[in-house]
Amino acid sequence: MFTLPLSKLIDDQRLVLLADKVDRSQRLSFEDGLLLYETPDLTGLGVLADRARTKLHGKKTYFVQSRRMSYTNICCTRCQFCAFHASPGDQRGYVINAEDVIAELKKPQNQRICELHMVGGHHPKLKIDYFENLFRAIKGHFPYIHLKVFTMVEIDFYARSSKISVEEFLARCIAAGLESCPGGGAEIFDPDIRRQICAGKKDAEVWLDAARACHKKGIPTNCTMLYGHLENACHKVDHLLRLRQLQDESLALGHPGFLAYVPLAYQTEDNELNRAHKIPKTTGAQDLREIAVARLLLDNIPHIKAYWVMITPGLAQIALSYGADDLDGTVIEEEIAHLAGAKTPQGLTIEYLHRLVTEAGFEAIERDHLYRDRC
Ligand code: V47
């Protein structure tokens, strides 16, 4: 087969030097990360990220039948970027109960889901027993549905409000049915930016400690970064390298670690952050760059998700050639991004996901929570 030399595919010759590192599986440095954010050669960056993706997964591309549900929207943390929360006492506030979840999951449109992804606000009155009862009830009716629940900051919050340690909180939730955790709540680890976008939220160490505790208890988690607001490239590289560092630690101890990294594009509507700073929506080039940089810097995290809910299905499809190997999934009934202005559908069919993957030249795999082929 005729293949062009890299120097013909990549305009920015500084990236050609990095290609050598990628090909030899050498770790990229902080400065390399800055270069990946700075290069004007988006196509060249995509070529590099695609090489890294192909080495790990070939053409394999994953998605899952997933139902979203928020157990409560009541939150006393009030992150400035969030359009989802209701303050305690607000008429829009809700807390779901086990009967409602079970009735919902019995509906025909939820028959084939294999994962229930639940997060919520920091509700001042919910305690460990609420979650234990909820998980036991769901697992009692649907033992085959994988329970993926809590951001890391929620774990810390509900452990403290239950007056127990994070370890005990996790042990009791796992005994009741918790099996993995989504990656939300990380936002940006840099303390100055964190103060400006989510002043009431606990700091990076709390997020990282809770993730470490999950891994130690044997449950895999995901990780995220919220981008496209007030942050700069240094903050993002710092964030990604801190995730990489924790993953090194967890894997060295034989713990499950992070399964996937998900870059979250800031959605600008109906939130205080945008009212204060008038931040433009992210562009396609920006979204593709986040995927590509992540694939190259996070050499120890197996999967990179292109989250179509926030970047559109069409761009997520193109992101498969920029380092992503996972389209998340059907994502039925998402609230957080849609309340903040995401115009994407409330769920995709499995057939459409299949088309997105195959028409882009990749191999479609409907997965379970551990990336095993479900078919
Ligand atoms: O924790 C909140 C973020 C997260 C906005 O682990 C916002 O598989 C953008 O964590 N604009 C929830 N982001 C979503 C999330 C997630 C999504 C997909 C897959 C996985 C996974 C996790 O969304 C929140 C917060 O970090 N968020 N508001 C906003 N306006």
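I looked up Lys305 and found an N or O atom of its side chain 2.6 Å from an oxygen atom of the ligand. I count a polar contact as a pair of N or O atoms within 3.5 Å. The model is predicted, so I take local features only at pLDDT of at least 70 and side-chain atom pairs only at pLDDT 80 or more, while totals for chains, interfaces and linings use all residues. Residues are numbered from 1 along each chain as its sequence is written, and side-chain values use heavy atoms, without hydrogens and water.

I then checked Asn222, where a polar side-chain atom lies 2.9 Å from a ligand oxygen. At Gly183 a polar backbone atom is 2.8 Å from an oxygen atom of the ligand. Alone, the ligand exposes 610 Å² (Shrake-Rupley method, 1.4 Å probe), and the protein buries 96% of that.

I noted 22 residues around the ligand (a heavy atom within 4 Å). By class, 11 are nonpolar, six polar and five charged; Gly counts as polar here.

Which strand gives the most to this shell? I found that β6 does, with three residues. Strands here are DSSP runs of E, at least two residues long, numbered from the N terminus.

Next I looked at the sheet, which is open, parallel and ordered β5-β6-β7. β5 and β7 (303–304) are at the edges with a single partner strand each, so one side of each has no neighbour in the sheet. Strands pair if DSSP finds at least two bridges between them; seven join β5 to β6. Tyr227 stands opposite Ala265 in β6.

Key
Polar contact = N/O pair within 3.5 Å; in protein donor to acceptor, adjacent residues only side chain to side chain. Helix = DSSP H or I, 4+ residues; strand = E, 2+ residues; numbered from the N terminus.
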